[in-house]
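Me: Please take a close look at one part of this structure for me. I would like the local contacts set out in order.

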Amino acid sequence: AAEPSGVEFDFRHQQRTLKATKDELGRLMVNVCSVVPDGVVLFLPSYSYEEEVWKHWEQSGTIAALRKKKKVLREPRSSGDVDGVLEEYAAAIRNNFTPQGGGG
């Protein structure tokens, strides 16, 4: 799949940790969230990579940009907390979530 800049994504271990890869993934998600109604889910290969991407996106402003488009939720590490996050996700869609800069 191509990045927003037209370059192909490369998520092999060495490439996915590059700032440019995380920036492009962020741009892609903001673009997707701008055009897809209701909910969007992003799956990443591990909790450690999710944490790395999250920290990068917080610093770069991508999380703030996403929160202007959608309710932002993170997968909990505890399986006992998954149902609550899924309920919050479903409620945001049911209630036609209106971005206000907030989110989880």
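This is a predicted model: local features need pLDDT of at least 70, side-chain atom pairs count only at pLDDT 80 or more; totals for chains, interfaces and linings use all residues.

How many aromatic pairs does a search of the whole structure find?

Reply: A search of the whole structure turns up one aromatic pair. Its partners are Phe9 and Phe11. A pair of aromatic rings is described by the distance of the centres and the angle of the planes.

Now the exposure of each ring residue. Phe9 has a relative accessibility of 15%. The cut-off for buried is under 20%, so Phe9 counts as buried. Phe11 has 35% relative accessibility and counts as partly exposed.

Next, Thr21. This residue belongs to helix 2, which spans 19–35. Thr21 is buried, at 7% relative accessible area. Setting aside neighbours within four places in sequence, Thr21 contacts both Phe9 and Phe11. Thr21 also meets Asp10, Gln15, Arg16 and Tyr49 under that count.

On to the largest pocket. Its volume is about 1,000 Å³. The lining holds 35 residues. Val40, Val41, Leu42, Leu73 and Arg74 lie nearest the pocket centre. Helix 2 (19–35), helix 3 (47–60), helix 4 (62–67) and helix 5 (82–94) each give two or more residues to the lining. Helix 5 supplies the largest share, six residues. By class, the lining has 25 nonpolar, seven charged and three polar residues.

Val40 sits in the loop between helix 2 and helix 3. The relative accessible area of Val40 is 25%. That value falls between the limits of 20% and 50%, so Val40 is partly exposed. Leaving out residues up to four places away in sequence, Val40 touches Met29, Val32, Cys33, Lys70 and Tyr89. Met29 is 11 residues from Val40 along the chain. The C-alpha atoms of Val40 and Met29 are separated by 8.8 Å.

Thr21 of helix 2 is in contact with both. Val40, in the loop between helix 2 and helix 3, is among the residues nearest the centre of the largest pocket.

Conventions
Residues are numbered from 1 along each chain as its sequence is written. Side-chain values use heavy atoms; hydrogens and water are left out. On a 1 Å grid over the protein atoms alone, a cavity is a set of points where a 1.4 Å probe fits but cannot get out, and a pocket is an open set with protein on both sides within 12 Å along at least five of seven lines; lining residues have an atom within 4 Å of a point. Grid points are joined across faces, edges and corners, and a volume is the space filled by probe spheres set on the points. Helices (H or I, at least four residues) and strands (E, at least two) are DSSP runs, numbered from the N terminus. Ala, Val, Leu, Ile, Met, Phe, Trp, Tyr, Cys and Pro count as nonpolar, Asp, Glu, Lys and Arg as charged, and the others, Gly among them, as polar. Buried means under 20% relative accessible area, exposed over 50%, partly exposed in between (1.4 Å probe, protein chains only). Contact means heavy atoms within 4.5 Å. Rings of Phe, Tyr and Trp (its six-membered ring) pair if their centres lie within 6.5 Å; planes under 30 degrees apart count as stacked, over 60 as edge-to-face and the rest as tilted.
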